[in-house]
Amino acid sequence: MFVGRKHELENLNKGYDKDSFQFSVIYGRRRVGKTTLINEFCKNRKAIYFVAVESTAKENLEILSAQILSTLAPDAPKNAFSSFREAIDYVFERAKTERIIFAIDEYPYLATSDKSVSSILQAAIDKHQANSKLFLILCGSSMSFMENQVLGYKSPLYGRRTAQYKVFPFDYLESAEMLPGFNKEEKITLYSVTGGIPEYLSRIDNTLSLQENVRDLFFNPSGRLFEEPANLLKQELKIPETYNAIITAIAGGSNRLNEIATKVGIETSQCSKMLSTLISLGIVRKEYPITETKSKRPIYLLDDWMFIFWYRFVLPDLSRITAGLGEIVCDEIFAEQLNSHTGYAFEECAKQYMWHLAREKKLPYAFKKIGRWWGNNPKERREEEIDFIAFSGTKATFGECKWRNALADVDILDDLTRKSELFSSFTNISYMIFSKSGFTDSLKNRAAKQGDVVLVDVEGMFSL
């Protein structure tokens, strides 16, 4: 079953229907579903789908030749083309009279095996695009390569693409579509451990319980996700050991640049560059209080929920898990720590819910920014935190998220109201409280009386 990617697929289909030359660039982190999207788009259409390999130019040319000929000349001898130029020109020539999709997956591997390929494609596009029916797709998991050497202004292909798609992980609603058989709370918990990555979600077995799935994926040495972060770092980075130390430091609570550098034992300048690389891979994010355009002291947080879960709960107990005690480790986490982990992910789900409301125009105003805020309360001389503020101009919505078994009560609204008074620039203020377990009658009555308070439980988050 094909899930999600409605926007991307709709736009790809619109481009296909134009019957003129199209060139789409599709990229995003590994396991995010790029190949599934391309295969769905190519379904029931004449398409050459070629996956480049991390090997020599000769081997890639042989594989590409076989794919081209099996699609466009199935009865012809399967001899390899003599060069990439000959192969690419052949496809462009055939596409003068018929609509053909030519998809090259893992393009960075191909371009690395023969550095002339991008220039060859550029020359073919410039020569043929005016009378071509080709739908060219270049796809890659190396985001820095795709952004710099395919989309970047120094690339031979710069300015030739007609569309580009950066494919992100699923949000909690899209993830839920892949999780039949689980209740809504369990779906949010599974989102918090998979990060909305379709490949990981596809490994969830709905005949097993939530805990059994997490145990089998993470806490079994043969589990699919037992070594996943380490494997991803090895695929993407030249010195994964230092990057691993940086991620470990952030997962352990070191969030400032100097704290991370000190923890890892490297210079802050080197640490800053390596953090930028991790940001480009979607593993780390640099965050400021949402109302500030720039801060002298940003914090660094992990931006991938699977990485967060693995570095917090799997890495510290690798020895016990490897010794066969993974089930005990998993039991401990479910008993003591998983609720807290899911609570942080619940805040992210609440922000995604707000974006859904905004897209569907179900809010009284269109906010421009949304995110966490933290800062000093000068009156009470203490640090304050707010789960999210959504705002535009003088209008703002203050949000609080509670992932706990108790009903949310009026004290939560009182505290949120008190914090909102720190912001004199917002003159039109409303409040939203998200709760796993629901709300007391006192809070419901207060919200109804005030008129500027919206209460959202887990059921409501899935009723969009």
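**Reading rings and strands**

Student: Which residues does Thr-397 touch, leaving aside its neighbours within four places in sequence?

Tutor: Thr-397 is in contact with Met-354, Tyr-365, Phe-388, Ile-389, Ala-390, Ser-430, Tyr-431 and Met-432, where contact means heavy atoms within 4.5 Å. Before we go on: this is a predicted model, in which local features need pLDDT of at least 70 and side-chain atom pairs count only at pLDDT 80 or more, while totals for chains, interfaces and linings use all residues. Residues are numbered from 1 along each chain as its sequence is written, and side-chain values use heavy atoms, leaving out hydrogens and water.

Student: Why is Thr-397 called buried?

Tutor: Its relative accessible area is 6%. Buried means under 20%, exposed over 50% and partly exposed in between, with a 1.4 Å probe and protein chains only, so Thr-397 counts as buried. Thr-397 sits in strand E10 (residues 395–402); strands (E, at least two residues) and helices (H or I, at least four) are DSSP runs numbered from the N terminus.

Student: What makes the link between the side chains of Thr-397 and Tyr-365 a polar contact?

Tutor: The distance is 2.9 Å. A polar contact is a pair of N or O atoms within 3.5 Å; within protein, one must be able to donate a hydrogen and the other to accept it, and residues adjacent in sequence count only if both atoms are side-chain atoms. The pair therefore qualifies.

Student: How many aromatic pairs are there, and why is the one between Trp-355 and Phe-367 called tilted?

Tutor: There are 22 aromatic pairs. For Trp-355 and Phe-367, the centres are 4.7 Å apart and the planes make 55 degrees. Rings of Phe, Tyr and Trp (its six-membered ring) pair if their centres lie within 6.5 Å; planes under 30 degrees apart are stacked, over 60 edge-to-face, and the rest tilted. So 55 degrees gives a tilted pair. Trp-355 is in helix H18 (residues 338–359) and Phe-367 in the loop between H18 and strand E8 (369–377), so the pair ties together parts 12 residues apart in sequence.

Student: Are these two residues buried or partly exposed?

Tutor: Trp-355 is partly exposed, at 34% relative accessible area, whereas Phe-367 is buried, at 7%.

Student: What makes Trp-373 and Phe-423 an edge-to-face pair?

Tutor: Their ring centres are 4.9 Å apart and the planes stand at 75 degrees, so the pair is edge-to-face. Trp-373 lies in strand E8 and Phe-423 in the loop between helix H19 (410–420) and strand E11 (428–435), so parts 50 residues apart in sequence are tied together.

Student: What makes E2 and E5 edge strands?

Tutor: The open sheet has 5 strands in the order E2-E3-E4-E1-E5, with parallel pairing. E2 (47–51) and E5 (163–166) each have a single partner strand, so one side of each is left without a neighbour in the sheet.

Student: And why do E2 and E3 count as paired?

Tutor: Two strands pair if DSSP finds at least two bridges between them. E2 and strand E3 (residues 100–105) share 5 bridges, so they pair.
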